[in-house]
Amino acid sequence: MDVLTLFLLYLIILNSWSFIAMGVDKKKAQKRKQRIAEKTLWLFFIIGGSIGGYIGMKYFRHKTKHKQFVYGIPAIIVVHLLLVAVYVYFFS
């Protein structure tokens with residue numbers, strides 16, 4: 001398996017987890033059970049799961065009133081896209 005395939009697999013798994021985590025956290029919030037820590041959510045968004053987190057936020061309507069999520073997740077997506085653009089520009 002080449003590096004690009006591994007990286008894409010990493011992103012698919014991480015974004016899937018981020019999407020699912022937003023749904024699980026929403027269900028736990030509705031049932032007033034112990035939630036997924038925001039630090040954990042942010043960690044997964046920052047290390048590559050930002051698109052899945054954003055889609056999960058919109059799909060489950062979760063954390064949509066929290067400005068740190070509404071503006072923070074798209075900001076992370078922009079940073080990730082810039083990093084990919086820089087990598088492609090300099091290393092391909």
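Here is a short chat about how this predicted model is put together.

User: Before we start, what kind of model is this, and which residues do local features use?
Analyst: Residues are numbered from 1 along each chain as its sequence is written, and side-chain values use heavy atoms, with hydrogens and water left out. The model is predicted: totals for chains, interfaces and linings use all residues, side-chain atom pairs count only at pLDDT 80 or more, and local features need pLDDT of at least 70.

User: How many helices and strands does the protein have?
Analyst: Helices (H or I, at least four residues) and strands (E, at least two) are DSSP runs, numbered from the N terminus. Reading along the sequence gives the pattern α-α-α. So the count, going by those DSSP runs, comes out as three helices and zero strands.

User: Why does the span of H1 agree with its number of residues?
Analyst: H1 covers residues 3-30, which is 28 residues. The expected span of a helix is 1.5 Å times one less than its number of residues.

User: Which helix do the buried residues of H1 pack against?
Analyst: Buried means under 20% relative accessible area, exposed over 50%, and partly exposed in between (1.4 Å probe, protein chains only). In H1 the buried residues are Leu-14, Asn-15, Ser-18, Ala-21, Met-22, Gly-23 and Asp-25. Their packing partner is helix H2 (38-60).

User: Phe-7 and Tyr-10 form an aromatic pair, but is it stacked or edge-to-face?
Analyst: Rings of Phe, Tyr and Trp (its six-membered ring) pair if their centres lie within 6.5 Å; planes under 30 degrees apart count as stacked, over 60 as edge-to-face and the rest as tilted. A search of the whole structure turns up 10 aromatic pairs. For Phe-7 and Tyr-10, the distance is 6.4 Å centre to centre and the planes are 25° apart, making the pair stacked.

User: How are Phe-7 and Tyr-10 separated in helix H1?
Analyst: An α-helix has 3.6 residues a turn, so residues three or four places apart point the same way. Phe-7 and Tyr-10 are three residues apart in H1, so their separation is about one helical turn.

User: And which parts does the pair of Phe-45 and Phe-69 tie together?
Analyst: This pair is edge-to-face, at 6.3 Å centre to centre with 85° between the planes. Both Phe-45 and Phe-69 are buried. The pair ties together parts 24 residues apart in sequence, because Phe-45 lies in helix H2 and Phe-69 in helix H3 (residues 67-91).

User: Are H2 and H3 roughly parallel or roughly perpendicular?
Analyst: Axes are lines fitted to C-alpha atoms, for helices over the stretch in contact (heavy atoms within 4.5 Å), and angles run from 0 to 180 degrees between N-to-C directions. Angles under 35 degrees count as roughly parallel, over 145 as roughly antiparallel, 65 to 115 as roughly perpendicular and the rest as oblique. H2 and H3 pack at about 85°, with their axes 9 Å apart. That makes H2 and H3 roughly perpendicular.

User: Is His-62 buried or exposed?
Analyst: His-62 sits in the loop between H2 and H3. Leaving aside neighbours within four places in sequence, His-62 is in contact with Met-22, Asp-25, Lys-26, Ala-29, Arg-35 and Met-57. Its relative accessibility is 6%, so His-62 counts as buried.
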